[in-house]
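My entries follow in the order I made them.

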Amino acid sequence: MDSLFNKKMESMPQKELKNLQLKRLKETVKRVYDSVPFYQKKFKELSITPDDIKTVKDVQKLPFTTKDDLRDNMPFGMLSTSVDNCVELHASSGTTGIPVTACYTTNDLEVWSEVMARCLSMSGLSKKDVFQNPIPYGTFTGAFGFHYGAEKVGALVIPSGKGQSERQLKLMDYYNTTFISGVASYVVRLGQVAKQIGLNPAKLSVRNGLFGAEMFSPGLKKRIMDTWEMDVHDIYGLTEMCGPGVSTDCDQHDGLHLWEDHFLVEIIDPVTLEPVETEEEGEMVITTLTKTGMPIIRYRTRDIAKLYDQTTCECGRTHVKHSTIKGRSDDMIIVRGTNMYPGQIESALMKNPSVGGNWHMKLYTENDIDQVKVEVESKQQLSQIETKELEQNLQSAIKSVIVFTPQVEVLPPNTIIQQGLKAKRVIDNRKKD
Ligand code: DLL
């Protein structure tokens, strides 16, 4: 059952939350203005000082921070304190060159544990649970974030770490694990391996799961729920903010509550950089409000979502909700003039009950024309005729969302094996001019 880990903060009236945000925004702005050369230069260019922040909305006067800005100042140039005052380091899992490094003070670890404890409690974790954490313990933020939060809730934590799917399943069976965490596509894989070794995932004691770290459509979520007969929640976060723990969906499953006492969120149009209307989709921009190691102002996450109009949720929480992440603005694919997000394809695929959990799309050039081929596993072994029929159905389902007809190939179960920490949904082999 969903429960509030920190009732006072989680159900704080919006007006009080806004006052707290303003106080913390002022402190953060002053902190970076006093100690981070990157922000000193940016503020000077815009002729602003901390005194210009009089309302929460004044955040819009502040400069954006991009991943490139962070990279240009890595590893320690964005710190607002000395390295001596930091006690832990994590780095992004990005594949594009210089990793983004985040350093945490003791205060930052405390905040991270707190927001993670809230997200886990919201997903049903209690001190009675046996919590298994099948995420690599390393510079990736995932494992430590979940570990700290689950420990704070008081659950029994099994730090089962990286991969080795059979071993993970045996641990679940042996210790009667009730709650699991991780990267969404890995849980799909665990479900497949369970079936291969003759174990029905639904027969294990696992009843709750909290997953994220990658695009995670409601359809895929439902697929995991059905395979494991468990309740599944979605957790969002990024290394630059703390790691996992920025937001999670409550039992209403209609949006993720973002912890507004620690993060200030805006949604902007990624092209004009202007704020969009509430309920309109755009890029999430987040400012940290309580970090003391590496506070970040107006971070352009590239993640596309919308904020819901503020009303107190049935669950009792007052913190703003955002939609599931539709994709990253830099994931948007343009094929023959049509814009598409991998998330739209996944949603179309997952609506069909004959489809399994794994898929990817291949982009290539044939006779100088860009082509798209979607490969997806079927749930059960199918005959040739059934395969053809499914392929045609999926083709029209995708066409109705992206106005483009891709090739679709349905493959037998367990034939698309995802390598690496996060699923790679797009394989782009197009000829570049
Ligand atoms: O992936 C932190 C994390 C770990 C979140 C475990 C949840 C669970 P990074 O490696 O820095 O951090 O990647 C952050 O992953 O900007 C999104 O594009 C994507 N992402 C994270 N959570 C979700 C989610 C971790 N729930 C980047 N839905 C972010 C969709 C997600 N995308």
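I count a contact, or touch, when heavy atoms lie within 4.5 Å. The model is predicted, so I kept local features to pLDDT of at least 70 and side-chain atom pairs to pLDDT 80 or more, while totals for chains, interfaces and linings use all residues. Residues are numbered from 1 along each chain as its sequence is written, and side-chain values use heavy atoms, with hydrogens and water left out.

**Histidine 262**

I found histidine 262 in the loop between strand 9 (256-258) and strand 10 (263-268). Helices (H or I, at least four residues) and strands (E, at least two) are DSSP runs, numbered from the N terminus. Leaving out residues up to four places away in sequence, I listed what histidine 262 touches: Arg24, Val111, Glu114, Val115, Arg118, Thr287, Thr288, Leu289 and Thr290. Is histidine 262 buried or exposed? Histidine 262 counts as buried because its relative accessibility is 7%. My classes are buried under 20% relative accessible area, exposed over 50% and partly exposed in between, with a 1.4 Å probe and protein chains only.

I checked the length of helix 2 (residues 14-35) next. Its 22 residues should span 32 Å at 1.5 Å a residue, and the end C-alpha atoms are 31 Å apart, which agrees. The expected span is 1.5 Å times one less than the number of residues. The buried residues of helix 2 are Leu17, Leu20, Gln21, Leu22, Arg24, Leu25, Thr28, Val29 and Val32. Their cover includes helix 1 (7-10), helix 3 (37-45), strand 10 and strand 11 (282-288). I noted the general rule beside this list: an α-helix has 3.6 residues a turn, so residues three or four places apart point the same way.

Helix 5 (residues 106-122) has 17 residues and reaches 24 Å from its first C-alpha to its last, close to the 24 Å expected. How many of the 17 residues of helix 5 are buried? I got 14, so helix 5 is largely enclosed by the rest of the structure. After helix 5 comes glycine 124, with a positive phi near 105°.

**Threonine 177**

Threonine 177 sits in the loop between helix 7 (165-175) and strand 5 (179-183). I count threonine 177 as buried because its relative accessibility is 0%. Its side chain makes a polar contact with the side chain of glutamine 132 (2.8 Å). A polar contact is a pair of N or O atoms within 3.5 Å; within protein, one must be able to donate a hydrogen and the other to accept it, and residues adjacent in sequence count only if both atoms are side-chain atoms.

**Glycine 420**

I placed glycine 420 in the loop between strand 19 (407-411) and strand 20 (426-429). Glycine 420 is exposed, with a relative accessible area of 67%.

**Ligand**

I found 20 residues around the ligand, the closest being Asp234, Ile235, Thr239, Asp303 and Lys422. Strand 7 gives the most to the shell, with five residues. A ligand nitrogen atom is 2.7 Å from a side-chain N or O atom of aspartate 234. A backbone N or O atom of isoleucine 235 also lies 2.7 Å from a nitrogen atom of the ligand.

Key: A residue is near a molecule or strand if one of its heavy atoms lies within 4 Å of it.
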